[in-house]
Amino acid sequence: MSVSLRAARYVHPNGREALQSVSLEVARGERVAIIGPSGAGKSTLLNLMATALRPQAGSIELLGEPAWQLSRRALRQLRARIGLMPQSPPLPGRQRVVTAILAGRLGRWPWWKSLLSLLYPADIAGARATLDALGLPDYLFTHCDRLSGGQLQRVGLARLLYQQPALVLADEPVSSLDPGLTELAMRVLHECSPADATMVVSLHAVDVALRWFPRIVGIRDGLVAFDLPAAEVTGPVLAELYASEAGAVPRQLG
Ligand code: ADP
Ligand code: MG
């Protein structure tokens, strides 16, 4: 299993219980979409899978490793094989796009190469290829604070893909993109991830989730509401998932 969560619980420092008890297994090479209303716990779940947050109860194995029982060195090596595109990618405004993308591989490089790349961006061709695929060919040396929300989102995606992680995690990666760019970004995400990568992607747009992912996990109130093949995610199933989010279902289905 690439992801194995058993009864994982996460309470934020302010006391908010974001995940009550989540059990979820994702096999190597599987591609799963996470959907659910705002505040359901999607981002918290992805952060758990990225080891950015540590569950207070339950267990979590990632890429076959018991993440929180590893030595610091082994945990660092595991993290280099996991890529998370956060909901708002933390891209420093003064950083150039090329540096932001290359940072995706910092965890895998020896320290001297990482340091050097901050001064002299290595592998510019690799960064350019990833950006080209996402429709941003001319932005390699632009500063991040000159980019629109949709452009920043694609830089975040380019950074994730450049890392070539075994476990690809993306938190609402297309929320700022129009329909055409959404399709482009989803195609690039699928085609440019390693062929055997495991993918877990949270999506606000249900139609995008159903079109691009064979397995759909619905999250609500910090619990798994359903875990179904896309073909079985019908109108009533969605209506129940989004019951309190007025209007969400008719809009998505219409
Ligand atoms: P989603 O991504 O599905 O919208 P989140 O995982 O972001 O849901 O949030 C789940 C719950 O945890 C929400 O009630 C949210 O307010 C709360 N929450 C999320 N992040 C934090 C945080 N950093 N500190 C405190 N509470 C948080
Ligand atoms: Mg979220």
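**View 1. Helix 6 against helix 7 in the predicted model.** The axes of helix 6 and helix 7 (residues 179-192) come within 10 Å. They cross at roughly 10°. Angles under 35 degrees count as roughly parallel, so helix 6 runs roughly parallel to helix 7. Helix 6 contributes Arg154, Leu157, Leu160 and Leu161 to the contact. Helix 7 contributes Leu181, Ala185, Val188, Leu189 and Cys192. By class, eight of these residues are nonpolar, none is polar and one is charged.

**View 2. Helix 5 crossing helix 6.** Helix 5 spans residues 124-133, and helix 6 spans residues 149-163. Their axes come within 9 Å and cross at roughly 125°. The two helices are therefore oblique to each other. The crossing of helix 5 past helix 6 is right-handed. On helix 5, the contact residues are Gly126, Ala127, Thr130 and Leu131. They meet Val155, Ala158, Leu161 and Tyr162 of helix 6. Six residues in this contact are nonpolar, two are polar and none is charged. Leu161 of helix 6 meets helix 5 here, and Leu161 is also listed in the contact with helix 7.

**View 3. Polar contacts to ligand 1.** Gly39 uses its backbone: an N or O atom there lies 2.7 Å from a ligand 1 oxygen atom. Lys42 uses its side chain, with an N or O atom 2.8 Å from an oxygen atom of ligand 1. A polar side-chain atom of Asn14 sits 3.4 Å from a nitrogen atom of ligand 1.

How values were computed
Residues numbered from 1 in each chain as written. Chains lettered and ligands numbered in written order. Predicted model: local features only at pLDDT ≥ 70, side-chain atom pairs only at ≥ 80, totals over all residues. Heavy atoms only, no water. Axes fitted to C-alpha atoms, helices over the stretch in contact; angles between N-to-C directions. Helix = DSSP H or I, 4+ residues; strand = E, 2+ residues; numbered from the N terminus. Parallel < 35°, antiparallel > 145°, perpendicular 65-115°, else oblique. Left-handed = near helix turned anticlockwise from the far one by under 90°. Contact = heavy atoms within 4.5 Å. Nonpolar A, V, L, I, M, F, W, Y, C, P; charged D, E, K, R; others polar. Polar contact = N/O pair within 3.5 Å; in protein donor to acceptor, adjacent residues only side chain to side chain.
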